[in-house]
Amino acid sequence: NLAQRFELTPVKGNASIPNSMRALLTFEDDYARLMNWLGDLEVKMPTVRTSSVRLSKGTSANDLRMEVVLEQPLLKQ
């Protein structure tokens, strides 16, 4: 994990889910390992929504750089 930032964002038009926690993450790792991690994310965390994924070439030959935005809904208490 190269960088991470978390922010609380409002969800419009849904009274039972007023907010979501948004995670802006940047990774750089082996292509296969990073793509498998992204694929397993839905199985491990089924309520997390992937809002955005940006892929680019990493620093070494087989590396991939991934900037991903994930959102976790937070229920109203």
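Predicted model: local features only at pLDDT ≥ 70, side-chain atom pairs only at ≥ 80, totals over all residues.
Is Arg-65 buried, partly exposed or exposed? Hold that thought while we get our bearings.

The largest nonpolar core here has 10 residues: Ala-23, Leu-25, Phe-27, Leu-34, Leu-41, Val-48, Leu-64, Met-66, Val-68 and Leu-70. Strand 4 gives the largest share, with four residues.

Now slide over to strand 2, where you'll find Thr-26. With a relative accessible area of 13%, Thr-26 is buried, because the cut-off for buried is under 20%. And what does Thr-26 touch, not counting residues up to four places away in sequence? Its contacts are Asn-1, Leu-2, Ala-3, Arg-65, Met-66 and Glu-67.

That list brings us back to the opening question. Arg-65 has 28% relative accessibility, so it counts as partly exposed. Its side chain meets that of Glu-28 in a salt bridge, at 3.6 Å from N to O. Since Glu-28 lies in strand 2 and Arg-65 in strand 4, this pair ties together parts that are 37 residues apart in sequence. Arg-65 also forms a salt bridge with Glu-67, at 3.8 Å from N to O. Glu-67 counts as partly exposed too, at 30% relative accessibility.

Salt bridges turn up elsewhere as well, and the structure holds six of them. One joins the side chains of Arg-33 and Asp-29, at 3.2 Å from N to O. Here Arg-33 counts as exposed, at 52% relative accessibility, while Asp-29 is partly exposed, with a relative accessible area of 27%. Then there's a network of salt bridges linking Arg-5, Glu-7, Arg-22 and Glu-71.

Which residues make a nonpolar surface patch of about 370 Å²? They are Phe-6, Leu-8, Met-21 and Leu-74. Take Phe-6 as an example: you'll find it in strand 1, residues 3-10. At 51% relative accessibility, Phe-6 counts as exposed, because exposed means over 50%.

Note on methods
Residues numbered from 1 in each chain as written. Heavy atoms only, no water. Core = buried A, V, L, I, M, F, W, Y, C linked by side-chain atoms within 4.5 Å. Buried < 20%, exposed > 50% of the residue type's maximum accessible area, 1.4 Å probe, protein only. Helix = DSSP H or I, 4+ residues; strand = E, 2+ residues; numbered from the N terminus. Contact = heavy atoms within 4.5 Å. Patch = residues over 30% accessible without salt bridge, like charges linked within 9 Å, V, L, I, M, F, W, Y side chains within 5 Å. Areas by Shrake-Rupley, 256 points an atom, 1.4 Å probe, with all protein chains shown as cover. Salt bridge = Lys/Arg side-chain N within 4 Å of Asp/Glu carboxyl O.
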